[in-house]
Amino acid sequence: RIFGVDDVARLGLIVTCRRFRFSVEEIADLLAARDALGAEAFRSRFAEALTRRHAELTAEITDLEQARRELFGFLSDLPRHV
């Protein structure tokens, strides 16, 4: 199959979204928005989605760092817990 410019752009969007751990549903919504909106409106919508995802990842990293610290502390005290 020969892919057109739009197909390649769509695939690029999907790959980018997967890299940033968007859900399949979020990707589907973004693809629908891309198809329905003009380039400028979609760019704004995509920027909002990326900003939201950045905040979610930042919060997840904070939670994971806390869990890692707690796990290390638990491992250090393991003889007292077992």
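Me: Before we start, what kind of model is this?
Reply: This is a predicted model.

Me: OK, Phe-46 then. Buried or exposed?
Reply: Phe-46 is at 16% relative accessibility, so it counts as buried, the cut-off being under 20%.

Me: And how many aromatic pairs are there?
Reply: The count is 1 aromatic pair. The partners are Phe-42 and Phe-46, with ring centres 5.7 Å apart and planes at 10 degrees, so they are stacked.

Me: Where do those two sit relative to each other on the helix?
Reply: They are both in helix α3 (residues 39-76), 4 residues apart, which means about one helical turn separates them. Phe-42 counts as buried too, at 11% relative accessibility.

Me: Which residues of α3 are buried?
Reply: Phe-42, Phe-46, Ala-49 and Arg-53. The buried residues of α3 pack against α1 and α2.

Me: α3 runs for 38 residues. What span should that give, and what does the model have?
Reply: At 1.5 Å a residue, α3 should span 56 Å, and the model has 54 Å between its end C-alpha atoms, which agrees.

Me: How about α1, what's its reach?
Reply: Helix α1 covers residues 5-19, so 15 residues, and reaches 21 Å from first C-alpha to last, close to the 21 Å expected.

Me: How do α1 and α2 pack?
Reply: Their axes are 10 Å apart and the angle is about 145 degrees. The crossing of α1 past α2 is right-handed.

Me: Which residues make that contact?
Reply: On the α1 side you have Asp-6, Ala-9, Arg-10, Leu-13, Ile-14, Cys-17 and Arg-18. From α2 come Val-24, Ile-27, Leu-30, Leu-31, Arg-34 and Asp-35.

Me: Switching to charges. How many salt bridges are there?
Reply: The count comes to 7 salt bridges. In general, side chains of opposite charge can pair when their charged atoms come close.

Me: Arg-34 was in that contact list. What does it form a salt bridge with?
Reply: With Asp-6, where the closest N and O atoms are 2.7 Å apart. That pair links distant parts of the chain, since Arg-34 is in helix α2 (residues 24-36) and Asp-6 is in helix α1, 28 residues away.

Me: Is Arg-34 buried or exposed?
Reply: Buried, because its relative accessibility is 18% and the cut-off is under 20%.

Me: What else is in contact with Arg-34, leaving out neighbours within four places?
Reply: Asp-6, Ala-9, Arg-10, Leu-13 and Phe-42. So Phe-42, the buried ring at 11% relative accessibility, is among the contacts of Arg-34.

Me: Which residues are linked in a salt-bridge network?
Reply: Asp-6, Arg-10, Arg-34 and Asp-35.

Me: And Arg-1, what does its side chain meet?
Reply: The side chain of Asp-7, in a salt bridge at 3.6 Å, N to O. Arg-1 is exposed, with a relative accessible area of 77%, while Asp-7 counts as partly exposed at 28%.

Me: What about Glu-60, which side chain does it meet in a salt bridge?
Reply: Arg-21, at 3.4 Å from N to O. Glu-60 lies in helix α3 and Arg-21 in the loop between α1 and α2, so the pair ties together parts 39 residues apart in sequence. Glu-60 counts as partly exposed, at 29% relative accessibility.

Me: What's the phi of Arg-21?
Reply: Positive, about 65 degrees, although Arg-21 is not a glycine. For context, most residues other than glycine have a negative phi.

Me: Where does Arg-21 lie?
Reply: Arg-21 lies in the loop between α1 and α2.

Me: Last one: Glu-25, buried or exposed?
Reply: Glu-25 counts as exposed, at 56% relative accessibility, and lies in helix α2.

Me: How are the C-alpha atoms of Glu-25 and Ala-59 placed, what separates them?
Reply: The two C-alpha atoms are separated by 21 Å, with Glu-25 and Ala-59 34 residues apart along the chain.

Definitions and conventions. Residues numbered from 1 in each chain as written. Predicted model: local features only at pLDDT ≥ 70, side-chain atom pairs only at ≥ 80, totals over all residues. Heavy atoms only, no water. Phe/Tyr/Trp six-rings, centres within 6.5 Å; stacked < 30°, edge-to-face > 60°. Buried < 20%, exposed > 50% of the residue type's maximum accessible area, 1.4 Å probe, protein only. Salt bridge = Lys/Arg side-chain N within 4 Å of Asp/Glu carboxyl O. Axes fitted to C-alpha atoms, helices over the stretch in contact; angles between N-to-C directions. Left-handed = near helix turned anticlockwise from the far one by under 90°. Contact = heavy atoms within 4.5 Å.
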